[in-house]
Amino acid sequence: MNARLRPDDMATPAGQLAYALRPMTAADLDAVERIENAIYDFPWSRGNFADSLTAQYHAQVLTDAADTVCGYFVAMPGVEEMHLLNISVAPPVQGQGLSLLMLDAVALLSRADSALLLWLEVRPSNVHAVRIYERYGFYPITRRRDYYPAADAQGRPCREDALVMSAQVGDLLARRGLRPA
Ligand SMILES: CC(C)(COP(=O)(O)OP(=O)(O)OC[C@H]1O[C@@H](n2cnc3c(N)ncnc32)[C@H](O)[C@@H]1OP(=O)(O)O)[C@@H](O)C(=O)NCCC(=O)NCCS
């Protein structure tokens, strides 16, 4: 399903919709792969996205007025919970609050799926992302040791812990003033 976004958040001053969210399809994978490779040192493979589509996870792309993909998220439903696996915004449009629009969509999708808890993993070194999640209402619950592939200062392969963050879906919706349809 498509999450409902507040038109004010996505509109230009002229009133045209600047961004929209729609389900990711196989036709989006070239664009998604390009963005993924541009923003992560250890990107998801194209196969990871294709598998997410096959598994019918919630996968949506954020598109501009020309239907160019400029962000995306993938979330895996579980029993009364939703696991946000990937949320990404293309470099040219980072810093415009688009992550909040996608987090809103994930929160609304979670409620529509009757998920009570939303959780995610993030690299502690990704301070911008951690700050965004904290401000959005996520709180740290634990660390997974050596979860992510990483590289040390000399470029040698190593591992990085994951910070696991979580939030009650109802709390997030209330904080953001979002009402499910
Ligand atoms: C993290 C990410 C999803 C945030 O999306 P976004 O749409 O750029 O974020 P927002 O515009 O909502 O930014 C929210 C805040 O974070 C800051 N911010 C976000 N990305 C930043 C960056 N790369 N550098 C500096 N500040 C950044 C914004 O300036 C803003 O701060 P402010 O509200 O104090 O002005 C996006 O930057 C991204 O895709 N980064 C690379 C991939 C990634 O780290 N994904 C998350 C993995 S868990």
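Me: Is Asp-161 buried or exposed in this predicted model?
Reply: Happy to start there. Asp-161 is found in strand E7, residues 157–168, where strands (E, at least two residues) and helices (H or I, at least four) are DSSP runs numbered from the N terminus. Buried means under 20% relative accessible area, exposed over 50%, and partly exposed in between, with a 1.4 Å probe and protein chains only. Because its relative accessibility is 18%, Asp-161 counts as buried.

Me: How should I read the numbering and the values?
Reply: Residues are numbered from 1 along each chain as its sequence is written, and side-chain values use heavy atoms, with hydrogens and water left out. The model is predicted, so local features need pLDDT of at least 70, totals for chains, interfaces and linings use all residues, and side-chain atom pairs count only at pLDDT 80 or more.

Me: How far apart in space are Asp-161 and Ala-31?
Reply: Along the sequence, Asp-161 and Ala-31 are 130 residues apart. In space, the distance from C-alpha to C-alpha is 29 Å.

Me: Which side chain does the side chain of Tyr-19 make a polar contact with?
Reply: Tyr-19 lies in strand E1, residues 19–23, and it counts as buried because its relative accessibility is 14%. A polar contact is a pair of N or O atoms within 3.5 Å; within protein, one must be able to donate a hydrogen and the other to accept it, and residues adjacent in sequence count only if both atoms are side-chain atoms. At 3.3 Å, the partner of the Tyr-19 side chain is the side chain of Gln-96.

Me: What separates the C-alpha atoms of Tyr-19 and Leu-62?
Reply: Tyr-19 and Leu-62 are 43 residues apart along the chain. Their C-alpha atoms are separated by 6.6 Å.

Me: Is Ala-26 buried or exposed?
Reply: Ala-26 lies in the loop between E1 and helix H2 (29–39). Because its relative accessible area is 55%, Ala-26 is exposed.

Me: Which element supplies the largest share of the shell around the ligand?
Reply: The ligand is surrounded by 17 residues, counted when one of their heavy atoms lies within 4 Å of it. Strand E4 (81–89), helix H4 (98–112) and helix H5 (127–136) each supply at least two residues of this shell. The largest share, 4 residues, comes from H5.

Me: How much of the ligand does the protein bury?
Reply: An oxygen atom of the ligand is 2.7 Å from a polar backbone atom of Val-89, and a polar side-chain atom of Arg-135 lies 3.0 Å from an oxygen atom of the ligand. Taken alone, the ligand exposes 880 Å², an area from the Shrake-Rupley method with a 1.4 Å probe. Of that, the protein buries 70%.

Me: What is the phi of Ser-114 near?
Reply: Ser-114 is found in the loop between H4 and strand E5 (117–122). Most residues other than glycine have a negative phi. For Ser-114, a residue other than glycine, phi is positive and near 65 degrees.

Me: Is Asp-146 buried, exposed or partly exposed?
Reply: Asp-146 lies in strand E6, residues 139–151. Its phi is also a positive value in a residue other than glycine, near 55 degrees. Because its relative accessible area is 39%, Asp-146 is partly exposed.
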